[in-house]
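Student: I am new to this structure and would like to learn how to read it. Could you walk me through some of its features, one at a time?

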Amino acid sequence: MRFDPTPLIAFMPMSLMYDDAGTIRYVAPTLAKLRDPETLIGAHISDVFSVRDNGRGNGEGPIPVGTKLYLNFLSGISTPLKGMAAAIPGIGLNLLNLSFGISIVDAVADYRLTSGDFAHTDLAIEMLYLVEAKSAVLEETKQLNARLQGAKVAAEEQAYTDTLTGLRNRRAMDHVMERMLRSGVPFAIMHLDLDYFKSVNDTLGHVAGDTVLQRVAKILLEETRGDDMVARVGGDEFILILNKFMEHEGLMRTGERIIARLQEPIPYQDELCRISGSVGITTTEFYDAPNADAMIHDADLALYSSKYEGRAQATMFDPKVHQGCVSDHVPQHARGESAA
Amino acid sequence: MHGMINRAIQCFMRDTYGGQTWQAVAEGADLGFDNFEAMLSYPDQLTIDVLGRAARQLHKPVETFLEDLGTYLVSHPNVEAIRRLLRFGGENFTEFLFSLNELEGRAKLALPDLEMPTLRVEDCGDGTFRLSCLSAMPGFGYAMVGVMRAMADDYGALVFLEHQGWMDSGEEIITINLLEAAYAEGRAFELSERIGGEV
């Protein structure tokens with residue numbers, strides 16, 4: 001009696017049968033979409049597939065039976081397959097059933113498979129459904145993430161920016177200074193307070209004042225380097241953090257150059273606004289354990305000396321001169337009003 | 001590097017060494033932010049900087065750090081999902097090892113952007129296996145040593161693992177000696193999380 005594989009193969013559209021010598025005898029319809037059945041039938045199974053198992057297969061046949069197999073075609077489009085082979089007793093035939101495993105997504109595209117190509121009991125369609133649904137959700141999530149990230153960056157940028165001048169603000173300055181102090185990078189801070197700014201505001205109005213502040217911001221950015229930071233920390237107060245810039249003479253020269261440029265008259269409508277600036281400087285080198293409050297305080301003291309000495313100048317903090325001297329008779333908080 | 005990987009490094013440090021250690025590393029690497037987001041992508045250099053910083057902060061070689069990270073990924077309750085996904089690989093440690101061949105494909109199915117290393121496991125006979133690992137992130141093989149060590153515990157297998165260094169082609173080679181497949185009880189695993197939920 002001849003063996004009729006039809007009913008078996010209907011259950012397993014990705015299967016094939018081979019005889020004990022390894023010659024392929026029957027090819028099921030879906031597998032026939034992957035490779036031409038004309039060339040498969042009659043070929044030796046190990047000329048068509050590379051076969052690997054986990055080393056526990058048994059049997060004398062051309063491929064191990066009763067164990068999980070990993071196969072791929074030896075030629076043409078690569079399609080990794082999972083499989084399992086079993087001998088059909090008494091007729092000298094063996095059944096090899098195949099499945100796509102994780103290659104299913106590529107395979108349906110590569111071979112234009114349809115739902116009719118899978119057994120009704122196969123979970124392949126559910127798998128494809130899940131992959132598509134997951135990809136759609138993932139794509140939405142990705143877009144949402146990008147939007148949120150963009151909004152977050154913009155919000156942070158805004159929170160750290162002085163909107164009038166585009167410089168960093170006090171909060172940003174605190175943040176950067178804390179970070180630099182923690183990481184132990186040496187730096188200098190330069191505290192700049194504008195002179196005669198109040199009179200510009202009073203005589204020419206706030207719009208003129210704003211023009212002046214924007215001009216000041218431009219000068220400060222031009223006179224500093226890319227990794228320095230310029231912050232507007234009050235109405236007419238600025239703090240510059242100068243990264244790894246410790247040399248006193250150079251710092252003083254920078255301060256003086258900034259003051260000289262501030263003194264160039266700033267045109268506003270038909271008027272010229274004339275301001276200047278006083279500068280106090282300190283560096284991390286003055287401290288055993290530098291901290292932000294002490295540095296800002298000492299830069300303030302040095303700034304106060306500049307004001308006291310007649311404005312429009314830069315002063316380097318000097319522990320001998322400033323400690324317990326200027327700070328005693330000039331209350332720190334009174335400075336803003338008296339200096340403007 | 002995918003945010004998932006960066007996030008894993010962050011969670012490992014946070015859960016193992018505390019939030020402050022992570023903070024110090026994030027600052028040292030000059031990230032400019034406090035937390036990696038799992039679903040964003042970051043420049044590779046950032047990951048390399050973080051690893052370097054972390055190793056220095058903890059006074060251990062990067063290799064050891066990565067191995068500990070691998071162990072964490074499988075054994076810490078906060079990242080139980082990873083252990084579960086790896087246990088889908090098979091019913092015993094040998095099957096798990098062979099499932100590593102498919103790990104990259106499986107991960108791609110879930111997260112197409114995730115740069116998983118290409119893993120190849122071969123049986124060398126006598127209970128010896130050879131894993132080759134090709135990754136955009138050098139040293140990933142050390143993390144795999146940690147993962148496999150913890151997975152062996154999970155399955156109750158007794159193994160001896162050794163990182164053999166790098167091939168000229170950039171692959172890392174690890175040998176696995178499976179001394180006893182059922183050495184200890186191992187941890188329970190159910191395909192359904194609902195059944196195996198109570199850990």
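Student: Where is A312(A) found in chain A?

Tutor: This is a predicted model, and in it A312(A) is in the loop that runs between helix 11 (292-308) and strand 14 (314-316) of chain A. Most residues other than glycine have a negative phi. A312(A) has a phi near 50°, a positive value in a residue other than glycine.

Student: Is A312(A) exposed, partly exposed or buried?

Tutor: The general idea is to compare the relative accessible area with two cut-offs: under 20% is buried, over 50% is exposed, and in between is partly exposed. A312(A) has a relative accessible area of 31%, so A312(A) is partly exposed.

Student: Which residue of chain B has a phi near 60°?

Tutor: That is D30(B), again with a positive value in a residue other than glycine. D30(B) lies in the loop between helix 2 (19-28) and helix 3 (44-57) of chain B. Its relative accessibility is 49%, so D30(B) counts as partly exposed.

Student: Which element holds L103(B), and what does L103(B) contact beyond four places in sequence?

Tutor: L103(B) is part of helix 6 of chain B. With its near sequence neighbours left aside, L103(B) is in contact with L86(B), M116(B) and L119(B). The relative accessibility of L103(B) is 19%, and therefore L103(B) counts as buried. From L103(B) to N177(B) there are 74 residues in sequence and 21 Å in space, C-alpha to C-alpha.

Student: How should I read the second largest pocket, and how many residues line it?

Tutor: Start with the lining, then ask which elements supply it. The second largest pocket has 30 lining residues, and P80(A), I102(A), S103(A), N101(B) and G105(B) lie nearest its centre. About 720 Å³ of space lies in this pocket. Both chains take part: among the elements that supply at least two residues each are strand 5 (81-88) and helix 6 (124-159) of chain A, and strand 1 (118-125) of chain B. Helix 6 of chain B gives the most, with six residues. By class, the lining has twelve nonpolar, nine polar and nine charged residues.

Student: Which residues touch the most other members of the largest nonpolar core?

Tutor: They are F93(B), L100(B), M144(B), M148(B) and I176(B), in a core of 62 residues. Helix 7 (residues 140-155) of chain B gives the largest share of this core, eleven residues. Domain 1 (3-59) and domain 2 (91-180) of chain B both give residues to the core, so the core lies between them. There is also a second, separate core of 31 residues, including V200(A), V212(A), V230(A) and C273(A).

Student: How many residues of domain 1 of chain B are in contact with domain 2 of chain B?

Tutor: Five residues of domain 1 of chain B are in contact with four residues of domain 2 of chain B. The centres of these two domains, taken over C-alpha atoms, are separated by 24 Å.

Student: Which domains does chain A have?

Tutor: The domain assignment gives domain 1 (6-121), domain 2 (123-159) and domain 3 (168-339) of chain A. Between the centres of domain 1 and domain 3 of chain A there are 79 Å, taken over C-alpha atoms.

Technical notes: Residues numbered from 1 in each chain as written. Chains lettered and ligands numbered in written order. Predicted model: local features only at pLDDT ≥ 70, side-chain atom pairs only at ≥ 80, totals over all residues. Heavy atoms only, no water. Domains from an automatic or database assignment. 1 Å grid on protein atoms, 1.4 Å probe; cavity = no way out; pocket = protein on both sides within 12 Å on 5 of 7 lines; lining within 4 Å. Points joined across faces, edges and corners; volume = space filled by probe spheres on them. Helix = DSSP H or I, 4+ residues; strand = E, 2+ residues; numbered from the N terminus. Nonpolar A, V, L, I, M, F, W, Y, C, P; charged D, E, K, R; others polar. Buried < 20%, exposed > 50% of the residue type's maximum accessible area, 1.4 Å probe, protein only. Contact = heavy atoms within 4.5 Å. Core = buried A, V, L, I, M, F, W, Y, C linked by side-chain atoms within 4.5 Å.
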